[in-house]
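Open the model in your viewer and keep the selection tool at hand. Each stop below says what to pick and what you will find there.

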Amino acid sequence: MKIKTKLNIGVGLLFMMILVLSVLSGWYINQLKKDTNNILVANYNTLEYSRNMLLALEEINSDPLAFEVFQKHLAKQKANVTELGEKEATDNVAIHFEALKKDSENMLLQSSIRKDIAELMQLNMSAIEHKSSIADSTAKSAIMAISVTGMLCFIIAFILLVNLPSNIANPIQTLTESITQIANENYKQRIHFESRSEFGELAKSFNTMAEKLQEYSESRLDKIIRGKKRIETLIDNMHDPVIGIDENKKVLFVNDEALKITGLRKENLVGKLIQDVAVSNDLVRDLIKQMIHPENVYSDQEPMKIYADGKESYFEKEIIDINVIPTGEKDSQFIGQVIMLRNITPFKELDLAKTNFLGTVSHEFKTPISSIQMGLQLLENERIGNLNDEQKNLVNGIREDSDRLLKITGELLNITQIESGIIQLNSKLSDIKDIIDDAVNANKSSAEQKQIYLKIKIENGLTQVVADAEKTAWVLNNLLSNAIRYSYENSEIEIEVRTDNDKVRFSVKDYGRGIEAQYLDKIFDRYFRIPGTRKEGTGLGLSISKQIVEAQQGKIYVESQLGSGSQFSFVLPNA
């Protein structure tokens, strides 16, 4: 029998039993209600009227209103005749009462009325006893019928309670246990349900799945082993050091390059806890520093210097977390990490060669540029001779080009100094006003040419900052010259210095064209220039400014909206 059919039959039987029990109980309760209503409505009211007539009869000789009270209750009794012989007794009361109204002092009539009322009450008392016995009989029948029906319902419900859940739960429990065995790679597990229900079909499907899994497991095992060997061979032949560890920090694999730079043997590393190995090996200790202290991520981004291949080599470290989602689950599970070291020595050597070349060329350019500028000064000296207008224009053009070339050379020198680490910062308490004056004086002429007003605002009480005054003035000078270059004529540039939490914030705000949003994250990249701009520049000034500010433990950033201008700001430690 199908599970659905079993459930329908079981629930249907329970529903029918509840319905039968409810209908039977309702019918008997209605019968008891009718019997009790007959007693209350018919007989009890007659007893009440008779009692009131007797009371009124006692007051006839003393209360003139007693006749009216008696007459009133007699009328009600005439309308409430329900029992056999009750009408005759009621008529006798009425006849004797009419005679009493004519002769109120007649004690014999009063005695007759009392006897009539007593007979009336006796009739109703007998009727109450009879109807009570009927109600008792009905109640006994109701108790018996409901008890028998309830017992049958209980027996059927108990049978369903014992059999139905077990018929459903037991196969599910067996199936769950079998699935657990399959999940634990016991593919020989089978289940057998002889039932023709859905569980029987499910057992057939489960056994088919288990057989295929067993077949797949046995047939693919050699391929899995070969795949493992391929991966191990690939890792061993990588030119970069690789170390793999599990979730418990135990070393799973290590290639030859990693063994070479650590100076360890494979048996002294594989299968050991990496923190135990780090106790006796400085290089391994440096490699796992990020895992032990995750907050030191920035320091781990710096290239590592390791003596390898007979020379000092540079490596970039990367720790990759391995997370997998187990089959049939939704949440990922951490199963280990891979430590990779990329050998960047050739690139570092090329970068160093480039830096040395730029430094050498920039330094060598300074001598001929100085000679050109000295020659220009001699040409402009009127004591040597006067120049015509065309010659003056040529001299001015040469001067502008030599100044531009000198500026480019200076920027290249700054870059080479920063990259090589030769640049020396003299950070100390510096006067903020002197830094601003140096930058403003250097750009005063260009601002006056475009009739740009420089508005300076320094927060009250703020006079000093911890910085290299010369380098900071250079940064502010670069931001101010850029602001003047990209501002409209007859406009305004705001230079503001104020405290920002525990820092000092320098800001240069212009009201020029502004910068498109897609270029804001590239504006400090080396050699980057906004596409379409015709302003002169090398694209090095902001990159150098960023490196100088960050070398002083500061930060530089830009805020801009196209059409409303730009604001470049940098923060430095507060005094």
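**Whole chain**

Keep in mind that this is a predicted model. Show everything as a cartoon. The secondary structure comes to 15 helices and twelve strands. Now colour by burial. Of the 575 residues, 34% count as buried. Switch to a surface view. The accessible surface is about 35800 Å², and carbon and sulfur atoms account for 55% of it. Turn to contacts next. Take those between residues at least 6 apart in sequence: 63% of them join residues at least 24 apart.

**Helix α2**

Select residues 66-78, which make up helix α2. This helix has 13 residues. From first C-alpha to last it reaches 18 Å, close to the 18 Å expected at 1.5 Å a residue. Which residues of α2 are buried? Pick A66, F67, F70, H73, L74 and Q77. Look down the axis with these six still highlighted. They cover an arc of only 140 degrees around the axis, which puts them on the same side of α2.

**Aromatic rings between α2 and α3**

Stay here and show the aromatic side chains. The model has four aromatic pairs. One of them is F67 with F97, a tilted pair at 6.0 Å centre to centre, with 45 degrees between the planes. This pair links distant parts of the chain: F67 is in α2 and F97 is in helix α3 (residues 86-102), 30 residues apart. Both F67 and F97 are buried.

F70 and F97 are stacked, 4.3 Å centre to centre and 20 degrees between the planes. Here too the pair links distant parts of the chain, with F70 in α2 and F97 in α3, 27 residues apart. F70 is buried, and so is F97. Show the three rings together: F67, F70 and F97 form one aromatic cluster.

**Helix α4 and T174**

Select T174, found in helix α4 (residues 107-183). Is T174 buried or partly exposed? At 32% relative accessibility, T174 counts as partly exposed. Draw a line from T174 to H192, C-alpha to C-alpha. The two residues are 18 apart in sequence and 9.5 Å apart in space.

**Helix α6 and T262**

Move to T262, in helix α6 (residues 256-262). T262 is buried, with a relative accessible area of 10%. Show its side chain, which reaches the backbone oxygen of A258 at 2.7 Å. Now set aside neighbours within four places in sequence. Which residues are then in contact with T262? They are N281, L283 and V284.

**Helix α14**

Finish at residues 469-485, helix α14. It has 17 residues and reaches 24 Å from its first C-alpha to its last, close to the 24 Å expected at 1.5 Å a residue. Colour α14 by burial. Of its 17 residues, 13 are buried, so α14 is largely enclosed by the rest of the structure. Then go to its N-terminal end and select D468, which caps the helix there. A side-chain oxygen of D468 lies 3.2 Å from the backbone nitrogen of E470.

Key
Residues are numbered from 1 along each chain as its sequence is written. This is a predicted model: local features need pLDDT of at least 70, side-chain atom pairs count only at pLDDT 80 or more; totals for chains, interfaces and linings use all residues. Side-chain values use heavy atoms; hydrogens and water are left out. Rings of Phe, Tyr and Trp (its six-membered ring) pair if their centres lie within 6.5 Å; planes under 30 degrees apart count as stacked, over 60 as edge-to-face and the rest as tilted. Helices (H or I, at least four residues) and strands (E, at least two) are DSSP runs, numbered from the N terminus. Buried means under 20% relative accessible area, exposed over 50%, partly exposed in between (1.4 Å probe, protein chains only). The expected span of a helix is 1.5 Å times one less than its number of residues. The arc is that of the directions from the helix axis to the C-beta atoms. Contact means heavy atoms within 4.5 Å. Accessible areas come from the Shrake-Rupley method with a 1.4 Å probe; for residues, only the protein chains shown count as cover. A polar contact is a pair of N or O atoms within 3.5 Å; within protein, one must be able to donate a hydrogen and the other to accept it, and residues adjacent in sequence count only if both atoms are side-chain atoms.
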